[in-house]
Amino acid sequence: MGRFTMDADWLVFDPTPSKPAYVLPAGAVDAHCHVFGPGDEFPYAPERKYTPCDAGKDALFALRDHLGFSRNVIVQATCHGADNSAMLDALHASHGAARGVATVRDDITDDELGDLHRAGVRGVRFNYVRRLVDPRPDEYYRRIVERIGPLGWHVVIYFEAADLAERADFFRSLDTTLIVDHMARPDVTKSATGPDFDAFVRFMEENENVWTKVTCPERLSVSGPPGYDDVVPFARRIVDEFEDRVLWGTDWPHPNLKGHMPDDGALVDFIPRIATSSAKRAKLLVDNPHQLYWGEG
Ligand code: 0GY
């Protein structure tokens with residue numbers, strides 16, 4: 001018996017995903033995934049809002065190889081708080097094939113930031129989703145942005161669609177690349193050309209430093225698997241309009257999903273439906289993530 005017991009309603013990732021029909025281009029990056037523990041080695045944070053199943057680096061790298069990805073961007077998950085050890089251990093074990101997005105506190109020292117950079121971290125994540133974290137004031141995040149500026153890092157932001165109006169001015173005031181997780185979680189029962197999603201598209205049009213991840217059909221969909229058809233028009237609209245500012249990732253091991261656990265192979269087969277030419281897929285999967293995360297060569 002391990003030290004941590006996953007939440008009673010936790011859904012465990014699919015241990016035997018299918019082989020996707022879509023063959024990924026050489027150098028493809030899974031630019032949004034996580035590692036969880038294992039908790040006995042990398043304890044979950046006392047302030048966490050959920051206790052997941054263990055999902056360590058070996059399973060992540062096996063999935064990478066099975067699906068045909070070359071590289072990963074491992075995003076610090078909230079269940080580990082600001083202790084980035086599990087993510088850093090995975091970066092180290094990847095021998096340069098993974099980069100990281102960390103959670104840091106505003107009192108982190110320059111030496112600590114330098115250590116993270118040498119380990120392969122290239123960004124920080126600000127999470128505004130209240131079921132995952134307790135909110136912090138804008139000034140807290142602004143201090144972090146000032147600290148990471150000299151390193152050339154970017155900020156990954158995770159928020160609910162309804163929060164955009166309230167936070168847009170603050171986001172606009174940040175002088176850094178911003179990457180919005182999961183297209184800002186649109187309500188896909190509404191139109192992809194309706195006023196709500198228009199507001200997010202306009203935010204991207206007006207702010208050329210804003211990128212987004214066209215990720216998580218399994219999380220956003222109401223129509224559900226296998227096709228996640230209702231998410232297609234949203235993701236396709238974003239890729240069509242912002243092909244130089246989009247990323248894609250599996251979101252493995254899929255924290256906090258309710259109802260079903262996706263087949264990661266089917267998620268890869270979703271890609272050609274939202275990025276409809278090989279040129280767009282090359283940008284989404286290779287050029288864009290390489291520029292952001294391996295830009296220094
Ligand atoms: C995601 C989504 C979620 C969780 C986290 O760090 C996290 O705990 O990101 C979620 O529960 O919606 O991007 O993995």
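**The ligand and its surroundings**

Mentor: In this predicted model, an N or O atom in the side chain of Arg 125 lies 2.8 Å from an oxygen atom of the ligand. The ligand on its own has 350 Å² of accessible area, and the protein covers 100% of it. In total, 15 residues surround the ligand. The closest of them are His 34, Tyr 50, Thr 78, Arg 131 and Tyr 158.

The largest nonpolar core has 88 residues. Those that touch the most other members are Met 183, Phe 200, Val 214, Ile 238, Trp 248 and Leu 285. Apart from this core lies another, of 12 residues, including Val 75, Ile 179, Leu 247 and Tyr 293.

Leaving aside neighbours within four places in sequence, Met 183 is in contact with residues including Phe 197, Phe 200, Val 214, Leu 220 and Val 231. Phe 234, Ala 235 and Ile 238 are also among its contacts, and these three belong to the buried residues of helix H8, which spans residues 232–241. Val 232 and Val 239 complete the buried set of that helix. The buried residues of H8 pack against helix H6 (195–206), strand S7 (210–213), strand S8 (246–247), helix H9 (264–274) and helix H10 (278–293).

The cysteines come next. A search of the whole structure finds zero disulfides. A disulfide is a covalent bond between the sulfur atoms of two cysteines. For Cys 79, the closest cysteine sulfur is that of Cys 53, and because 9.5 Å separates the two, they are too far apart for a bond. Cys 79 has 0% relative accessibility and therefore counts as buried. Cys 216 is likewise in no disulfide, since the nearest cysteine sulfur, in Cys 33, is 11 Å away. At 1% relative accessibility, Cys 216 also counts as buried.

Finally, consider a residue on the outside. Ala 21 lies in the segment before strand S1 (29–33). With a relative accessible area of 66%, Ala 21 is exposed, the cut-off for that term being over 50%. The C-alpha atom of Ala 21 is separated by 31 Å from that of Gly 37, which is 16 residues away along the chain.

Methods. Residues numbered from 1 in each chain as written. Predicted model: local features only at pLDDT ≥ 70, side-chain atom pairs only at ≥ 80, totals over all residues. Heavy atoms only, no water. Buried < 20%, exposed > 50% of the residue type's maximum accessible area, 1.4 Å probe, protein only. Helix = DSSP H or I, 4+ residues; strand = E, 2+ residues; numbered from the N terminus. Contact = heavy atoms within 4.5 Å. Core = buried A, V, L, I, M, F, W, Y, C linked by side-chain atoms within 4.5 Å. Near = heavy atom within 4 Å. Polar contact = N/O pair within 3.5 Å; in protein donor to acceptor, adjacent residues only side chain to side chain. Areas by Shrake-Rupley, 256 points an atom, 1.4 Å probe, with all protein chains shown as cover. Disulfide = S-S within 2.5 Å.
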